[in-house]
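Me: I have a two-chain model open and I want to learn how to read it. Can we go through it feature by feature?

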Amino acid sequence: MKTNLVDRVLADPNYRLLKARRSRLGWWLTAALMLVYYGFILLIAFEKQVLATRIGAGVITWGIPVGFGVIVFTVVITAFYVMRANREFDDLTEKVRRGMIQ
Amino acid sequence: MSRLTPSHRLAVAMAALILLPTLALAAGPDLGEVQKQATNYTAIGMFAAFVVFTLFITKWAAAKTKSAADFYTAGGGITGFQNGLAIAGDYMSAASFLGISAAVMASGFDGLIYSIGFLVGWPILTFLMAERLRNLGQFTFADVAAFRFAQTPVRVFAASSTLVVVAFYLIAQMVGAGQLIKLLFGLEYWVAVVIVGGLMMIYVLFGGMTATTWVQIIKACLLLGGATFMAVMVMMHYGFSLERFFAAAVEVKAQIAAQTPGTTPEDAAAAGQSIMGPGKFITDPISAISFGMALMFGTAGLPHILMRFFTVPDAKEARKSVMWATTWIGYFYLLTFIIGFGAITFVLTNPGFLDETGALVGGSNMAAIHLAKAVGGNVFLGFISAVAFATILAVVAGLTLAGASAVSHDIYATVIKKNKAGSAAELKVSRYTVLALGVLAVALGIVFEKQNIAFMVSLAFAIAASANFPVLFLSVLWKGCTTRGVVIGGFIGLVVSVVLTVLSPSVWEATLGYDKGSAPFPYTSPALFSMTAGFVGIWLFSTLDRSLRGRQDRAGFMAQQVRSETGIGAAAASAH
C-alpha cells in the first residue's frame, strides 16, 4: 500500500470517526462482558450460597436464571455489536473507501 | 499407508466401511456390554450414510479445490451464516456434548458454570479481533501476526504454537474417538482410531477447506437437531414446566443419596437440592479466574477457529459468522444443561442403563447416549451415536487443516521459499503435511490410549490464550510492538503455559502419578500466570528493542491499522 494512500486515509475524518466509534464500542462491550462473567465466577467463588438460594417455594434457585442469563447475555451482546457494526461501521468504511477512489 | 495413491485410499476407506458390520459382529462375543452395542446396526447404518454422503461432498469439493487459496479458505466464498454454522461445528466437540451433559448429570449447576466458560470467548473475538483478522489475513493467523514484522521469526513462532495447540487438541479428540466408538459400535480401539484418521485424511486431502466446511456444517445441523429433539422430548414429559422437571431431578438425586447407609432424610434432601446451586467445581478463586481466562482468551487464539475467518469474503461476513456461531453455541449449551438433567430423571432411574454399583453402563460420558435411547428408542440411539462419530470427524478435519496450513503456508511457502513457491507447489506440500499429520494423529491416538489425557484440551486453550492471543492482540492494536517482542514474548507464553500445566495436579498427579497434593503448581489452569507472562514478555522485549528492525516494525503500524480498520488494500480471498 502506498504511504500516500495511508496518509490520505489517516487524514479522512470519516476514518477517524470509524476508528474511534468501533474501538469505543468494542472496549465498552468487552468491559461489560468481563464484568458479567468474572462477576459470576467470583460470586460463586466467594458467596456460593447466593446462587443456591431458592427463588420461591419450588426447587429452582437464583443460579438458574443467573446462569441462563449469562448465556443469553453473551449471545445478545454479540448480536448487539454486530447489528450496530452492520449499520454504522460499514457505512463509514464505504465512505472512506469512496473518498480514496476519487 | 502414506504410500497409497489417492484412489487407493478412497477404496480402503470404503472397504473399511463395508466391513464395519462384520467387524462389529466379530467383536461381539467377547464382552456382554460390547455385544449389546454391536447388534446396533442402526448406528452403523446411519454413520455409513453420513460417511457416504460426506464422501460425495468431498468429491464435489475436490473438483473445486485447484489452488492453495481453495484448499485453505474454500476460495473465500463461504457466507457468514454458513461459516457461523461451520465454526459451531468446529467448536462443539464430542467432548463438549458428552462431557458437559455428563458433568451436568453428575453435579448439576457446576456443569453449567463449566459450559459458560466455553461461550464467553466468542464476544471477545467479535469485539476485538474478527473484523481486523479478516482485513489483515489471507490463510493463517500468522498472516495477521506477521503483517508488519520480519516474516521468518514470527512465522516460525506462529507455526510452532499452531502445531503444539493442534497436537494436544488432536490427541484428545483421537483418544476420545477411539474410546467412544469402541463403546458405541463395538469396534476395536485401534480400528476406530484408524477409521477416524483415514476419513479425516480423505476429507482434508481431497476436499480441503470446502469439504471440511461442509462436513462441519452438516455435523452442526445434525448435532443441534438431535440435541433439540432430546431436550424437547424431556421437557414434554414434564409439560414444559422447568419447576416440575428440576423438582423431579432433585427428587432422584435425593433418593440416590438416601441409599447410602446412615444418611438422614434431611441430608438426602440437601444432597438432592445441591445440584441446583454451585458445588465443588469452583473452590479457589485463582483457579476459577485462571481457567476462565484460558477459555475466554484461548477461544480467540485457537488456530483452527481463526482460520475459519479467512473463508468469508469480507469483514462484514466475518462479523456475521461470529454472531451466528455464538448463537448456535449458546443454544447448544442450554440444550446440554437440559439433556444433563434429563439424564438424571430418565437414565439414573432406569436399571437398564446402570451396572450393579449404580454407575452408568459404559462410563459416565454415556449420559447423553443413554438418554437418546430412553427418549427416542433404538433408532434415535443410532442417530446420536452416528452424530457423535461425525462430530469427532468434523473437529479433527478442521484441526488437521490448520496444522497443515501452518507447515505449508507459513514454513514452506513463506519462510523457506520466500513467497516464490507458487500455488501448486504449496498445495502439494499442504497435502503431504495432511498425510503426515493424519498418520501421526493415528499413531499418537494409539500410544495415548491408556493415558489420562483430560488435561489436553484445557492445555490447548491455555497455550492459545498465552501465546497466540497476546501476539495477535498486541501486533494488531499496539504501535510499539516489534518482531523481537512478539517472538520472545510469544515463546515465553507458550513455554510457561506448558511447563505450569506439567507441574499442575492434572498432569503431575493424574498423569505422571505423583502423590496427591505434591504438584508444585497448585492451580487447575496456568492461564492467569502464563498469559500475563506472554503479555509482559512482548511488552518488555518490544520496549527494549532498539534495533533497526524494531524501528521498521513501529513505522509500519499506521499502514497496518488503516488496512485492519477499513480493509483497504486487503486482497479478497476469492479464487483468482
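Me: Leaving aside neighbours within four places in sequence, which residues is B:Met293 in contact with?

Reply: Keep in mind that this is a predicted model. To read a contact list, look for heavy atoms within 4.5 Å. B:Met293 is in contact with A:Tyr38, B:Gly298, B:Ala465, B:Ala527, B:Leu528 and B:Met531, with neighbours within four places left aside.

Me: Where is B:Met293 in the chain, and how far in space is B:Met293 from B:Met531?

Reply: B:Met293 belongs to helix α14 of chain B, residues 285-299. B:Met293 and B:Met531 are 238 residues apart in sequence. From C-alpha to C-alpha, they are 8.5 Å apart in space.

Me: What does B:Met323 touch, not counting residues up to four places away in sequence?

Reply: Read the chain letters as well as the numbers. B:Met323 touches A:Thr78, A:Ala79 and A:Val82. B:Met323 itself sits in helix α16 of chain B, residues 315-346. Its relative accessibility is 17%, so B:Met323 counts as buried. Now try a distance again. B:Met323 and B:Tyr203 are 120 residues apart in sequence and 27 Å apart in space, C-alpha to C-alpha.

Me: And B:Gln273: which residues is B:Gln273 in contact with, its neighbours within four places left aside?

Reply: The list is A:Arg54, A:Val59, A:Thr61 and B:Val250. B:Gln273 is in helix α13 of chain B, residues 265-273. With a relative accessible area of 10%, B:Gln273 is buried.

Me: At what angle do α8(B) and α16(B) cross?

Reply: Compare the axis directions. Helix α8 of chain B covers residues 121-136. Its axis and that of α16(B) come within 8 Å and cross at roughly 155°. Over 145 counts as roughly antiparallel. The two helices are therefore roughly antiparallel to each other. Their crossing is right-handed. On the α8(B) side the contact residues include B:Trp122, B:Leu125 and B:Arg134; on the α16(B) side they include B:Ala318, B:Val322 and B:Ile329. The residues of this contact divide into 7 nonpolar, 3 polar and 3 charged.

Me: Are α17(B) and α18(B) parallel or oblique to each other?

Reply: Start from the angle. Helix α17(B) spans residues 367-416 and helix α18(B) spans 423-447. Their axes come within 8 Å and cross at roughly 135°. The pair is therefore oblique. The crossing is right-handed. Among the residues that meet are B:Gly403, B:Val407 and B:Tyr412 of α17(B), with B:Val429, B:Thr433 and B:Leu437 among those of α18(B). This contact divides into 8 nonpolar, 6 polar and 1 charged.

Me: Last topic, backbone angles. What is the phi of B:Ala74?

Reply: B:Ala74 has phi near 55°, which is positive in a residue other than glycine. B:Ala74 lies in the loop between α4 (68-73) and α5 (80-91) of chain B. At 17% relative accessibility, B:Ala74 counts as buried.

Me: Is B:Phe240 buried or exposed?

Reply: B:Phe240 is exposed, with a relative accessible area of 51%. Its phi is positive too, about 55°, although B:Phe240 is not a glycine. Look for B:Phe240 in the loop between α11 (189-237) and α12 (242-258) of chain B.

Conventions. Residues are numbered from 1 along each chain as its sequence is written. Chains are lettered from A and ligands numbered from 1 in the order in which they are written. This is a predicted model: local features need pLDDT of at least 70, side-chain atom pairs count only at pLDDT 80 or more; totals for chains, interfaces and linings use all residues. Side-chain values use heavy atoms; hydrogens and water are left out. Axes are lines fitted to C-alpha atoms, for helices over the stretch in contact, and angles run from 0 to 180 degrees between N-to-C directions. Helices (H or I, at least four residues) and strands (E, at least two) are DSSP runs, numbered from the N terminus. Angles under 35 degrees count as roughly parallel, over 145 as roughly antiparallel, 65 to 115 as roughly perpendicular and the rest as oblique. A crossing is left-handed if the near helix is turned anticlockwise from the far one by less than a right angle, and right-handed if clockwise. Ala, Val, Leu, Ile, Met, Phe, Trp, Tyr, Cys and Pro count as nonpolar, Asp, Glu, Lys and Arg as charged, and the others, Gly among them, as polar. Buried means under 20% relative accessible area, exposed over 50%, partly exposed in between (1.4 Å probe, protein chains only).
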